Amino acid sequence: MSDVYKVIHPNKYFNDYISLNVRPDGRKFDEQRSIKLNANAISNADASALIKCGNTTVVCGITLELATPKAEEPDHGFLVTNVELLPLCSSKFKPGPPSDYAQVISNTVNDIIKNSKCIDLKDLCIVSDKLAWVLYCDMVCLDNDGSIIDACITTLITSLKSLSLPAVSFDVETEEVKVDISNKTLLKVTGLPVATSFAIYQSPESNIVLTDPTTFEEEMCGGIGANLIVCWNQGLLCGVQKYGGGNIPTESQKNLLQVAKKRSKLVEEVIETCLS
Amino acid sequence: MKETQISNSEKTFVQKIIAGGHRLDGRIYSETRNLQIAFGSDYGSCMVSLGETKVLAQVSCEVVQPKQIRPNEGIIFINVDISPMAAPQFEANRQTDHTVNLNRLLEKCYKDSKCIDLESLCIVVEEKVWSLRVDVKILNHEGNLIECASIATLAALAHFKRPDVTRVGDKVIIHSIAEKDPIPTVLYHYPVCLTYAIFGSDILLSDPSYIEEAVCMCTFEEGSAGGGLLVVGMNQYKEPCLLDLTGAAIHNVNIVHKAILSASEKGKSVVDVLKKAIISDDTLRLKRVKINYADIITTEHKQSLIKKDISICLKNYNANDINPESDVEMDDDVQIVEPSKYDVVPTLPKTAELKVKAEKSAWIEISSEEDD
Amino acid sequence: MVAEDFKDFKLKPMKCELNYLSKSDGSAILAQGETVVLASVNGPLDIKITSQSMEKATLEVLFSAKGGKPNVSDRFKESVIRQTCETAILGCLYPRTGITVTIQELEDFGGLLTCAVNCTCLALLNSGLSMKHVVAAVGCALDDSGNLVLEPTYDQIQSAAATMHFVFDSRAKTLVTGFTTGIFSEGAYDEALERCRAASDLVFDFYREVVATYCKVIG
């Protein structure tokens, strides 16, 4: 019965739950969904991870390649991140070139990783101006049920943590490249950036903040792009983003950052346990 | 949004007044609108306004591999973008016939007329040449886009300076503007496109406005000759380098001749204005004056309602012609409704003048009484 | 954090002209310091049936850089401005129509996106579309020694440890949009937010000033 109600009058359905201080899936406003994380899920990739945050499932695979660095930055390697939202993960996405939404998600993930400075691109350079590593990090969403950026960042960072680079010898004279697969070193990752999404619901009385929203909740709160994303790394903020949607009530601002901080500690623990 | 169709009454009205020797904005047939050229902070960035039509042009450069058939020549690329900013009927990111036509005319005028010294853009034969990209953005479409866009393209190209390069062995070093003075582009001649709207068989309007363009392309009533738009590309040496006609066939041979004669004068004056603007901009830059688009913001005309901005100002109905005093002058047989406020003064025989009393008005008198 | 502490700050000089373009329903050109942006608003318009929405007007934002090919960061700017404007426009008054906002960059000396948001808001005011509230964008940078600089210049942004941009609404001064780059502490974030919130008053005052001067001409 409630399913029919949800379809014919989604706003009322959602508001009825919220007015009783509970969310449609039974969570409290500041409660997050449970997380399942698995490292090295894909044997073909050089490093990989799979995450399930509630129903949101994202898999990340990193492949390595060698290339010549750009002329402007001869001692920098490359970190290329890409998020794919296939028709498989939600009926909203159509096959074909990436939608505007997918481009914005890709851009956000890329920005967070760049801003957190967890990877020093200089570590990826082998010989200045001649040879550098390219890390192709492809994230594929298998099931989109909200807070996709959180899931993407966590899988990406887990994969990066578990990535080891083979030793490479480069002959300057002959420009010959030798890759020694038996001798591998772990990639240096500083800190563990963790993103937390919030949706802001504009109820008639006041604005309510929902931690780790599902797709349905995101839709009720002004669309998929309107989430607040807070990213913590080693006790410092490395990104607070919000584009439109409901306004954040001033009084809950501080609280939000604390909730995100607590969650980042928990997720960090999950990653550590998963990799140990 | 679909383009608003021009109504029959508008069409016949415009046709009639043009046949009568007038134009909607009060210009004479051969008069062009006010031309203004403003430069931005970068080299090769300029905004040209022709009346209310506004076009932004920006030249950028990069080093690329030359084409195989022309290994010692640089590349020039012109890209025209008409966004919904120009007028609501244009759609974003869609190439329309209009855009393609404009792009092609500009290419004809600047690429095919060989006015740019492409060989000077070569750095290493068969390996590295400069590629210039001209981005033309239409900001406001009030008619005669082609003339405005061509002046903008020419101004941007003439204003543009590319970074200097030095060759050390195999390596090519590109110097930033701070390190070495940039190099201007060599232009052999300065062609501009001038547009003429043809009405009937012998009327030639230079710099047609939006509505004039629309009306002259409309099908005329049966019996009368069709009209069209004639674009003439002309350089400062009075040499034609482009002719393009859209619309009905021309019956009168003399009209093309007339247009070319007129264009040769106009083209030279436009190039003179343009050269003057670039020279004054260069001297300002030498004095390290910061040039910025912020300078074009004025607070002079605040509303489109003031007289200057009203595009319709027919000579016979010009607001300036109406003498405000004529309201006061009246004939003697006019009935005076409130004689208390006015004095009737007989000035000449059989003439009377109506004047406001020289004393204070009654309104103030009452209030002063109340104060007492 | 007491707002009075920051009363002495100044924003970059702002200069604005409305009705800059005759063909658009509303247009504004805004200079904030040396950064200049031109915005035009057309709407409500008749649009394709596929992109019509039953509930509200479909907002389309186009950002066009000065030169060069369009890229992903332009899409990002469009998305920021669209999301921000969607909260401000009362779209439910214009169902099954489209509103097109076109933004043209003219000069970029830092703070392009904040200038673009403010310019768009002025153009919306000029177009006469119904709005819930107006929005004001303010940016600030955190330098290496931890000092906050409001409305940083181009050089300051290049050397900054972090930059933060905030957009506030005019009614309750709550945060509509915010985005950051770089790493910063929670304290710095809070301080920047409060400072920018206080500074947004200056932008709202400027809007009022602009609208008032243009109203006088009619009245």
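# Group meeting talk: three chains and how they touch

Okay, let's start where two chains meet: chain A brings 25 residues to its contact with chain C, and chain C brings 24 residues. Before I go on, please keep in mind that this is a predicted model.

So which parts of chain A do the touching? At least two residues each come from helix H3, residues 100–116, and from strand E12, residues 236–248. The largest share belongs to E12(A), with 12 residues. If you sort that side of chain A by class, you get 10 nonpolar, 12 polar and 3 charged residues.

Now zoom in on E12(A). How many bridges join E12(A) to strand E9 of chain C? There are 3 of them, and the two strands run antiparallel. E9(C) covers residues 175–182. If you want one pair to look for on screen, take A:Ile248, whose bridge partner in E9(C) is C:Leu175.

While we're on chain A, a quick word about its record. UniProt, in an unreviewed entry, puts "domain: Exoribonuclease phosphorolytic" at residues 31–166 of chain A. That stretch of the model is 24% helix and 38% strand, and its end C-alpha atoms sit 41 Å apart.

On to chain C as a whole. Chain C has 4 helices and 9 strands. Reading from the N terminus, the order is β-β-β-β-α-β-α-β-β-α-β-β-α. How compact is chain C? Its radius of gyration is 17 Å, close to the 17 Å that the globule rule gives for 219 residues, so chain C is as compact as a globular protein of that length. Along the principal axes, the C-alpha atoms of chain C fill a box of roughly 55 × 45 × 30 Å.

Of its 219 residues, 54% count as buried. And if you take the contacts between residues at least 6 apart in sequence, 66% of them join residues at least 24 apart.

Chain C has its own UniProt entry, also unreviewed, which lists "domain: Exoribonuclease phosphorolytic" at residues 11–129. In the model, that span is 28% helix and 34% strand, with 28 Å between the end C-alpha atoms.

Let's pick one strand in chain C and follow it around. What does E3(C) pair with? One partner is strand E2 of chain C, residues 26–32, in the antiparallel sense over 7 bridges. Within that pairing, C:Ile29 stands opposite C:Leu38. The hairpin of E2(C) and E3(C) has 2 residues between the strands, and C:Gly33 takes a positive phi there, near 65°.

E3(C) also pairs with strand E5 of chain C, residues 98–107, again antiparallel, over 8 bridges. Here you can find C:Ser40 with its bridge partner C:Thr102.

Those strands come back in the contact with chain B. In that contact, 31 residues of chain C meet 35 residues of chain B. The elements of chain C that give two or more residues are strand E1 (14–18), E2, E3, strand E4 (58–64), E5 and helix H4 (186–218). By class, this side of chain C has 12 nonpolar, 12 polar and 7 charged residues.

That brings us to chain B, so let's look inside. The largest nonpolar core has 212 residues, and B:Ala149 and B:Ala152 touch the most other members. Which residues does B:Ala152 touch? Leaving out residues up to four places away in sequence, they are B:Cys46, B:Val48, B:Val55, B:Leu56, B:Ala57 and B:Val136.

Next, find helix H4 of chain B, residues 210–217, where B:Tyr210, B:Glu212, B:Val215 and B:Cys216 are buried. The cover over those residues includes helix H1 (8–19) and strands E11 (192–199), E12 (203–206), E13 (228–234) and E14 (240–247), again in chain B.

Last stop: B:Cys218, in the loop between H4 and E13 of chain B. For a sense of distance, B:Cys218 and B:Glu119 are 99 residues apart in sequence and 45 Å apart in space, C-alpha to C-alpha.

Note on methods
Residues numbered from 1 in each chain as written. Chains lettered and ligands numbered in written order. Predicted model: local features only at pLDDT ≥ 70, side-chain atom pairs only at ≥ 80, totals over all residues. Contact = placed C-beta atoms within 7 Å. Nonpolar A, V, L, I, M, F, W, Y, C, P; charged D, E, K, R; others polar. Pairing = 2+ DSSP bridges. Buried ≥ 20, exposed ≤ 12 C-beta atoms within 10 Å, placed from the backbone. Rg over C-alpha atoms; globule rule 2.2 N^0.38 Å. UniProt positions renumbered as here; feature names shortened; annotations may be inferred. Core = buried A, V, L, I, M, F, W, Y, C linked by C-beta atoms within 7 Å.
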